[in-house]
Amino acid sequence: MANTETSLKEAATIEGAIGAALVDYTSGMALGTIGGGKELDLNMAAAGNTDVVRAKVRTMEMLGLQEDIEDILITLGTQYHLIRLLKGRGTNGLFLYLALDKNRANLAMARHQLKKIEAELDV
Amino acid sequence: MSRAAVSPMLVRLAAEKATGALLRDHGTLYLVDGRVVHAESPAAPGVDVLLTTGGRLPREGWDEAVDRAGAHRAVGRFLVDSGRLHDGELEICHLGAVFDAAFFALSPTSGPTRFRYGVGHWFGTVRPVSAEAVERETVRRRELLDAVWPYAAVDTSPVVPRPAAPGQTVGARQRALLAAADGERTPAELARLLGRPAFHTLLDVRRLAAAGLVETPLAPEPEPGPVPPPLSATLPVADPDIALLRRLRDALEAHL
């Protein structure tokens, strides 16, 4: 069974990956990060994208949609940002955040791989 | 941006790769080779509460793990090896509890800070984190609370719900918190009751207070300070503190 480090390492091997983080979306804390470097502050991205997830969860509640969010895709000029919510047992939600280089990434493949990583992490 | 250290002693202990327990007024940090491996605070529910309250782990399962592995300081490891928890699950729950307790342990205090060399914790090491990461996260959390609703009085006062405006909705997690708020329980007591980290509960309470769904108690009148010097026509600083300005704006708006 995977731990957070192996999951993040696997996320980093996804074609075109720039960086990845495992984030607690109540507090906005990154429980672990990989990659990113100078161009992308993953701790900052973790906190900021928490607001994205919270806004979407709230909107769905206002609309009365009784569904879970699987993932959220944000498309930039040169990057994709993928947010995958983990369906854990705990009350405090987590998400995997993955930034991809648009030119090198295969979006369908990346989503599929992220889903697999989620299944293996099994929180 | 450089910031003053949350705890100069922690910085020093990290630099000298110390092993032991850092005792402060509001909690204890456990270090191994200068890295934080565990933290405890009376203000924050422990790993046992987080795991057992939600029903993830039966209380007996926890007690047995402590009985069998506590003496070797390997309770966390035992929970995984005996099949009670998955690896990632233990790690995430424990990390959450460590950062939660550290936030309170590192809160500003005038009390003494002591370090006892060589003292370890019975839970055992799961994933050590750098002292720098713990400090950074603690500062971020303080700033986040104040950005949401700059009234620290709600953190320690009993949570008193207020009626929602027509059409106003809250999420499932905050709904459960409001349902448990009986007008007497403080955020720390609600966190324990619900089996949630204390900081997460503070954040929810501040968000609810900002939305007008929880009472904000009046803070005691501050002592009148010395008369400020007259303002010059131009600000003496090139880069005013945005966070301060934001807090000022929030406070002014709250009195509209």
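This is a predicted model: local features need pLDDT of at least 70, side-chain atom pairs count only at pLDDT 80 or more; totals for chains, interfaces and linings use all residues.
Biologist: Which pattern does chain A follow, read along the sequence?

Modeller: Chain A has three helices and five strands. Written in sequence order, these elements of chain A give α-β-β-α-β-β-β-α.

Biologist: Why is chain A said to be as compact as a globular protein of its length?

Modeller: The C-alpha atoms of chain A fill a box of roughly 40 × 35 × 25 Å along the principal axes. For 123 residues the globule rule gives 14 Å, and chain A is close to that value, so it is as compact as a globular protein of that length, with a radius of gyration of 14 Å.

Biologist: What percentage of the residues in chain A is buried?

Modeller: A residue counts as buried if 20 or more other C-beta atoms lie within 10 Å of its own. Of the 123 residues in chain A, the buried ones make up 38%.

Biologist: What percentage of the contacts in chain A with a separation of 6 or more comes from residues 24 or more positions apart?

Modeller: A contact here requires C-beta atoms within 7 Å. Among the contacts in chain A with a separation of 6 or more, residues 24 or more positions apart account for 49%.

Biologist: Which element supplies the largest share of the side of chain A that touches chain B?

Modeller: The contact joins 23 residues of chain A to 22 residues of chain B. On the chain A side, helix H1 (4-12), strand S2 (29-35) and helix H2 (42-63) each supply at least two residues. The largest share, four residues, comes from H2(A).

Biologist: How many residues of the side of chain A that touches chain B are charged?

Modeller: That side of chain A includes nine nonpolar and nine polar residues. The charged residues there number five.

Biologist: How far apart do the C-alpha centres of the two domains of chain B lie?

Modeller: Chain B is divided into domain 1 (8-140) and domain 2 (153-210). Their contact takes twelve residues from domain 1 of chain B and eight residues from domain 2 of chain B. The distance between the C-alpha centres of these domains is 25 Å.

Biologist: Which helix gives the largest share of the side of domain 1 of chain B that touches domain 2 of chain B?

Modeller: Helix H2 (47-53) and helix H5 (87-105) of chain B each supply at least two residues of that side. The side divides into eight nonpolar, three polar and one charged. Its largest share, five residues, comes from H5(B).

Methods: Residues are numbered from 1 along each chain as its sequence is written. Chains are lettered from A and ligands numbered from 1 in the order in which they are written. Domain bounds come from an automatic or database domain assignment. Two residues are in contact if their C-beta atoms, placed from the backbone, lie within 7 Å. Ala, Val, Leu, Ile, Met, Phe, Trp, Tyr, Cys and Pro count as nonpolar, Asp, Glu, Lys and Arg as charged, and the others, Gly among them, as polar. The radius of gyration is taken over C-alpha atoms; the globule rule is 2.2 Å times the number of residues to the power 0.38. A residue is buried if 20 or more other C-beta atoms lie within 10 Å of its own, exposed if 12 or fewer, and partly exposed in between; C-beta atoms are placed from the backbone.
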